[in-house]
Amino acid sequence: MAASDSGTDESLYPIAVLIDELKNEDVQLRLNSIKKLSTIALALGVERTRSELIPFLTDTIYDEDEVLLALAEQLGNFINLVGGGEYAHCLLPPLESLATVEETVVRDKAVASLRAVAAHHTPQALEQYFVPLVQRLAGGDWFTSRASACGLFSVCYTRVSAPVKAELRQHFRSLCQDDTPMVRRAAAYKLGEFARVVEVEYVKSDLIPMFVHLAQDEQDSVRLLAAEACAAVAALLPPEDMEQLVMPTVRARAGDTSWRVRYMVADKFVELQQAVGPELARTDLAQIFQALLKDTEAEVRAAAAGKVKDFCMNLDKAHQEHIIMTMILPQIKDLVCDPNQHVKSALASVIMGLSPIVGRHNTIEYLLPLFLTQLKDECPEVRLNIISNLECVNEVIGIQQLVQSLLPAIVELAEDTKWRVRLAIIEHMPLLAGQLGQEFFDEKLTGLCMSWLIDHVYAIREAATLNLKKLVEQYGAQWAETNVIPKVMAMSREQNYLHRMTYLFCINVLSEVCGKDITTRVLLPTVLSMADDNVANVRFNVAKTLQKMAPFLDPAVIQPQVKPVLEKLNVDPDVDVKYFASEAIAGIAG
């Protein structure tokens with residue numbers, strides 16, 4: 001080959017490698033080459049990327065979904081590699097093809113990349129390149145392209161001229177009335193987003209009729225997405241139009257024959273309440289919410305129950321107490337005894353939050369009996385949710401009213417057969433310690449905290465050691481020396497080596513909060529004595545513990561007491577013990 005051709009050959013080499021790898025039978029090789037596209041584009045330069053690489057990619061979109069997904073993702077970040085926003089339109093052809101493929105994940109990624117690329121178009125480029133693409137997709141023969149088009153209207157609408165806006169609204173209307181449920185579903189999903197960028201007069205004249213049409217669709221999957229859009233549409237309308245344009249749809253969907261649609265209404269209820277304003281919330285939404293709380297389907301009741309606190313908090317202050325006491329409380333009383341545990345659990349996670357809203361008198365008279373009932377519930381999640389929200393009640397009536405029922409509930413949860421339930425109650429112990437007071441905690445709950453240290457599940461033992469640290473932070477080092485350290489030190493003499501290890505884990509965290517005096521005087525001697533333990537795992541944990549304790553010890557004891565023990569462990573026959581001893585020596589010296 002002539003020497004003069006060598007430069008050309010070298011510049012062609014990257015694209016040649018890409019072409020070879022893209023045509024390779026091995027999917028992984030093709031995938032790797034797609035992931036290296038940005039490197040290849042840099043090697044080619046912006047001009048050849050536009051004239052050779054992008055057309056090549058557009059022509060080769062017939063691959064495994066995994067490769068197409070990677071390609072769709074890469075192209076979204078290609079703006080600078082084709083020469084900046086001025087040439088953003090060069091990326092549209094391959095992305096348009098990707099937006100029509102059968103696999104939903106690939107289409108969604110292509111749409112996301114198209115949305116990113118649209119932001120770099122000038123208004124003129126949008127009208128010249130991007131809007132025609134949206135129109136082609138919207139008028140495509142396959143439902144896949146029409147479904148993809150739904151996600152592109154909102155990104156170009158605000159920056160195009162009035163006649164083009166009218167065309168876009170017309171295309172969106174056609175998609176809302178498409179014969180294919182998948183396209184109507186995509187239109188319903190993007191309706192709220194599109195409505196936010198459309199002028200209010202066109203929201204009323206064009207989009208509301210589409211919204212009403214979709215909300216009455218024969219497919220419940222379309223209706224539930226229209227129900228989800230309710231709040232977004234309502235937020236855009238002036239209050240005087242709300243009753244006429246949105247509320248009939250809300251009422252109809254809240255009483256829909258499909259429980260999934262009613263569930264969606266319940267799930268989005270607080271957003272809807274904030275969108276329609278206090279007046280309609282009082283006159284209409286309170287009754288709808290009441291109906292959702294006594295729905296025949298447990299999933300709907302659970303979704304509504306989880307919104308009780310937020311709905312009540314957002315009510316108009318002048319009528320808040322009246323609506324809660326007359327309309328919401330009777331339903332809550334029924335839900336406390338609901339046959340479905342998910343409903344009871346959802347309610348238990350928010351019911352305590354009603355206390356600050358209804359005040360001391362109503363809490364004691366009406367809510368307290370419900371709290372007590374839930375503290376005795378057979379389902380551990382219900383009891384746990386009540387205990388984890390105690391601070392709400394503590395602020396209003398104090399915790400003493402609940403103490404008699406609280407203790408048995410805590411003990412039962414602490415001994416629950418499911419270790420995750422035990423773990424959750426441990427995590428709430430520092431909070432309970434602050435609310436119950438030191439005297440009550442010492443008498444009733446310190447023993448419980450110590451028993452978790454010898455639980456058969458490691459995660460519980462680990463959480464129990466952290467719990468001790470938080471309790472000491474709350475009650476002080478003196479309390480620890482009297483109430484905790486003697487019980488912890490007893491574990492160092494246990495037969496079970498796991499208990500001796502847990503003792504060392506406790507020392508690791510207690511030394512951080514007990515202060516130099518207690519750590520040096522009380523904790524250190526026992527740790528040093530365990531260096532002769534017959535289990536290697538215990539010995540190397542002694543080395544690790546000494547390294548962690550060192551910053552909290554009196555410097556005067558490091559050389560005469562700690563170093564000799566570590567030197568001894570450094571010549572231990574066990575290789576792990578030697579390793580951790582040498583690490584500790586280096587750590588303390590450093």
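**Figure 1. The lining of the largest pocket draws on several helices.** Helix α12 gives the largest share of this lining, five residues. Helices here are DSSP runs of H or I with at least four residues, numbered from the N terminus. This is a predicted model, in which local features need pLDDT of at least 70 and side-chain atom pairs count only at pLDDT 80 or more, while totals for chains, interfaces and linings use all residues. Residues are numbered from 1 along each chain as its sequence is written, and side-chain values use heavy atoms, leaving out hydrogens and water. At least two lining residues come from each of α7 (104-118), α9 (143-149) and α12 (181-197). The pocket holds about 350 Å³ of space. On a 1 Å grid over the protein atoms alone, a pocket is an open set of points with protein on both sides within 12 Å along at least five of seven lines; a cavity is a set where a 1.4 Å probe fits but cannot get out, and lining residues have an atom within 4 Å of a point. Grid points are joined across faces, edges and corners, and a volume is the space filled by probe spheres set on them. Of the 14 lining residues, look for Thr104, Asp108, Ala147, Ala186 and Tyr189 nearest the centre. The lining has seven nonpolar, three polar and four charged residues (nonpolar: Ala, Val, Leu, Ile, Met, Phe, Trp, Tyr, Cys and Pro; charged: Asp, Glu, Lys and Arg; polar: the others, Gly among them).

**Figure 2. The second largest pocket also has α12 in its lining.** Here α12 is joined by α14 (220-234) and α18 (269-276), each supplying at least two lining residues. The space amounts to about 240 Å³. Arg196, Glu228, Ala229, Ala232 and Lys268 are nearest the centre among 14 lining residues. Eight of the lining residues are nonpolar, one is polar and five are charged.

**Figure 3. One cavity of 30 Å³ or more is found in the structure.** Ala227, Cys230, Ala231, Val265, Lys268 and Leu272 form the lining, and α14 contributes the largest share, three residues. Five of these residues are nonpolar, none is polar and one is charged.

**Figure 4. Helix α5 (residues 65-75) has buried residues that pack against other helices.** The buried ones (under 20% relative accessible area, with over 50% being exposed and partly exposed in between; 1.4 Å probe, protein chains only) are Val67, Leu68, Ala70, Leu71, Ala72, Gln74 and Leu75. Their packing partners are α2 (27-35), α3 (37-44), α4 (46-59), α6 (92-98) and α7.

**Figure 5. Glutamine 290 sits in helix α19 (residues 278-293).** This residue counts as buried because its relative accessibility is 18%. Leaving aside residues up to four places away in sequence, glutamine 290 touches Met327 and Gln331 (contact: heavy atoms within 4.5 Å).

Figure 6. Shared partners join Arg115, Lys190 and Glu193 into one salt-bridge network.

Conventions:
Salt bridge = Lys/Arg side-chain N within 4 Å of Asp/Glu carboxyl O.
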